[in-house]
Amino acid sequence: MSETIEQLRKEFQYDKTKQCVQCGYCLPVCPTYLSMGKETHSPRGRINLVKMVGEGKITDLSVLEEPLDLCLGCRACETACPTGVEYGTILESARAALVKRKKFSLPVRLVRNTMLKKVFPSRGMMNFTGNSYWLYEKTGLQKIMRKTGAMKKLPFHLGEFEATMSSGVSPKKRSQFETFVKAKGKRKYTIAFFTGCIMDAMFRKINELSVQLLAEAGCDVYVVKKQTCCGALHAHAGEMDDSKNLAKQNIAAFEDIEADYVVNNAGGCGAMLNEYGHLLKDDSEWAEKAEIFSSKSKDISQILVACGGFRSLKPRENERVTYQRSCHMTNVQKVTKEPVQLLNSIPGIELVEMKDANMCCGSAGIYNIVNYDESIKILDEKMKHMKATKATVIITTNPGCLIQMKLGIERENLSSTVKALHLIEYLAEAVGISN
Ligand code: SF4
Ligand code: SF4
């Protein structure tokens, strides 16, 4: 056996593919298999492709690119799999192995390097992004861009996504984000809050509301300044070294606070924080610290429920609500009950589950930007089920899902009757907190 095959087997996690017994139980839960109808675009097919690389049956690795690029990484297949195939590990390893061998064109290399290495990990750059968006709104440039139709000419359908964005916060307010907020009443937990990169740049208001809600529920909350991006986007893009470096930076940053929990409000980031232990398991210096960090990482809904929820919540007037689950919260963090529990605690709402509520909405990090057509097909199916619930509010627990739901509302011309909100926004309103 040649050394090359050994190397490929190691990099592509060939041994893990042998756990797949090709039963196909994962097929009905895979959005890309359902929408594209090809075996190569199913979990079983993708695993088989990787296996064939390890067996020397595929030597042209470019054959794997499209099937793997078009995987959402939603990991519904992992939840459905009866033999416990670690699909997420296989996918990320295979993507990293492909990226290592791929010769990107100069513009693509520049964009990847700038975004992944300079923008997302930099708090300064993310604040600059958030401030620039606020200026773009306040100076009237946004109105001009929308009125003249210039937005429609932007590449990657960015104009459509821009139309879904909530208003930003001013640079002054941004700089005033408290680094410590004391618990109301008797302290139940000490929390270190994870702000995220895109979440903090574009959804700062939700972060501020999260901190206030945690304090209201009885938590001392610290916002650690030295924290950085969770590294999920890097892992999905096959840049595992970058992802590991960011994980180490975060572990070191949060070590300064003796918190009971590290709390986040974004399903995708939370899944990554939960997997630091797995990500750094072979690093003798960091493995134990990473495991401890991951064991403390919780979604905000878990902590709010653990605190006992909220005593007095303003009732809604017979509001029909549906909850679009975040795949990474469901399939990786396994957090499913708490958001529902919190929603059900609000008087006057009727929570209606949509068909295939666990199915991905097609957002998946930046999948909806780079694979727009495929993502829209998945979104349109989701909106069909959403409309059948006759809900007027769609609740999400992840920024990507929130944007995607807003896009779905626009596409269906439902903006006058339906709104999409993060769970935190909806809860804050019920508790009577605003910012
Ligand atoms: S991660 Fe999601 S899209 Fe990818 S193979 Fe699994 S179920 Fe399908
Ligand atoms: S990944 Fe799991 S569910 Fe899918 S075919 Fe393989 S063994 Fe069956």
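Me: Within what distance do the axes of helix α14 and α26 come, and at what angle do they cross?
Reply: The axes of helix α14 (residues 204-217) and α26 come within 9 Å, and they cross at roughly 50 degrees. An axis is a line fitted to C-alpha atoms, for helices over the stretch in contact, and angles run from 0 to 180 degrees between N-to-C directions. Helices (H or I, at least four residues) and strands (E, at least two) are DSSP runs, numbered from the N terminus.

Me: What do these values rest on?
Reply: This is a predicted model, in which local features need pLDDT of at least 70 and side-chain atom pairs count only at pLDDT 80 or more, while totals for chains, interfaces and linings use all residues. Residues are numbered from 1 along each chain as its sequence is written, chains are lettered from A and ligands numbered from 1 in the order in which they are written, and side-chain values use heavy atoms, leaving out hydrogens and water.

Me: Are α14 and α26 oblique or parallel to each other?
Reply: They are therefore oblique; angles under 35 degrees count as roughly parallel, over 145 as roughly antiparallel, 65 to 115 as roughly perpendicular and the rest as oblique. The crossing of α14 with α26 is left-handed, a term for a near helix turned anticlockwise from the far one by less than a right angle, clockwise being right-handed.

Me: Which residues in α14 and α26 meet?
Reply: In α14 they are I206, L209, S210, L213 and E216, and in α26 they are I424, E425, L427, A428 and V431. Contact means heavy atoms within 4.5 Å. This contact of α14 with α26 has 7 nonpolar, 1 polar and 2 charged residues. Here Ala, Val, Leu, Ile, Met, Phe, Trp, Tyr, Cys and Pro count as nonpolar, Asp, Glu, Lys and Arg as charged, and the others, Gly among them, as polar.

Me: And how do α22 and α26 cross?
Reply: Helix α22 (residues 337-344) and helix α26 (residues 423-431) have axes that come within 11 Å and cross at roughly 30 degrees. The two helices are therefore roughly parallel to each other. P339, L342 and L343 in α22 meet L423, Y426 and L427 in α26. By class, that contact of α22 with α26 has 6 nonpolar, no polar and no charged residues.

Me: At what angle do α24 and α25 pack?
Reply: Helix α24 (residues 372-389) and α25 pack at about 75 degrees, with their axes 10 Å apart. That makes α24 roughly perpendicular to α25.

Me: New topic. What surrounds ligand 1?
Reply: Ligand 1 is surrounded by C30, P31, T32, P43, R46, C71, L72, G73, C74, R75, C77 and Y87; a residue is near a molecule or strand if one of its heavy atoms lies within 4 Å of it. The elements giving two or more residues to this shell are α3 (31-36) and α4 (43-54). The shell around ligand 1 divides into 8 nonpolar, 2 polar and 2 charged residues.

Me: How is the chain divided into domains?
Reply: There are domain 1 (3-101), domain 2 (106-162), domain 3 (175-306) and domain 4 (319-431), with bounds from an automatic or database domain assignment. The C-alpha centres of domain 1 and domain 3 lie 30 Å apart. Their contact takes 7 residues from domain 1 and 8 residues from domain 3.

Me: Last one: where is K334, and is its phi positive or negative?
Reply: K334 is in the loop between α21 (327-332) and α22. Its phi is positive, at about 60 degrees, although K334 is not a glycine. Most residues other than glycine have a negative phi. N413, in the loop between α25 (399-411) and β9 (419-422), also has a positive phi, near 55 degrees.
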